[in-house]
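Hi there,

Here is the structure I promised to pass on.

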Amino acid sequence: LLYLIEHAFVAHSHICPDEQPLLLTTSARMQLSDKFLYECMERFAIPSIYRCQSEALALYGHGHTDGMVVDVGY
């Protein structure tokens, strides 16, 4: 997963990771370890990391703050 983050910063966005905060989205079933978040901050010097569940972002994207999201993929 760290390789994917490095690839996204370097190859696709052409920005320095130490200048941008990182938003990580996960499903409700997936948990990110604190060790992983620590490694991101140490390896890439990311100033801040915010993790959010993708289901909540789907609601916010439609202008709602509460509701039910049905995830049909896995």
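Helices (H or I, at least four residues) and strands (E, at least two) are DSSP runs here, numbered from the N terminus. With that in hand, Met30 sits in the loop between strand S1 (22-26) and helix H2 (34-44).

Before going further, two notes on the source. This is a predicted model, in which local features need pLDDT of at least 70 and side-chain atom pairs count only at pLDDT 80 or more, while totals for chains, interfaces and linings use all residues. Residues are numbered from 1 along each chain as its sequence is written, and side-chain values use heavy atoms, with hydrogens and water left out.

Now the overall layout. The chain has three helices and two strands, arranged along the sequence as α-β-α-β-α. Its radius of gyration (taken over C-alpha atoms) is 14 Å, well over the 11 Å from the globule rule for 74 residues, so the chain is more spread out than a compact globule. That rule is 2.2 Å times the number of residues to the power 0.38. Along the principal axes, the C-alpha atoms fill a box of roughly 35 × 25 × 20 Å. Buried residues (under 20% relative accessible area; exposed is over 50%, partly exposed in between, with a 1.4 Å probe and protein chains only) make up 23% of the 74.

The two strands come next. S1 and S2 (residues 49-53) run parallel and are joined by five bridges; DSSP must find at least two bridges for strands to pair. Leu23 stands opposite Tyr50 in S2. Together S1, H2 and S2 form a right-handed β-α-β unit, meaning that, with the strands pointing away from the viewer, the path from the first strand over the helix to the second runs clockwise.

There is one salt bridge in the structure, defined as a side-chain nitrogen of Lys or Arg within 4 Å of a carboxyl oxygen of Asp or Glu. The partners are Arg51 and Asp34, at 3.8 Å, N to O. This pair links distant parts of the chain, from Arg51 in strand S2 to Asp34 in helix H2, 17 residues apart. Arg51 is partly exposed at 39% relative accessibility, whereas Asp34 is exposed at 59%.

Finally, helix H3 (residues 54-61) includes Gly61, which counts as exposed because its relative accessibility is 66%. Gly61 and Ser48 are 13 residues apart in sequence and 22 Å apart in space, C-alpha to C-alpha.

Best wishes
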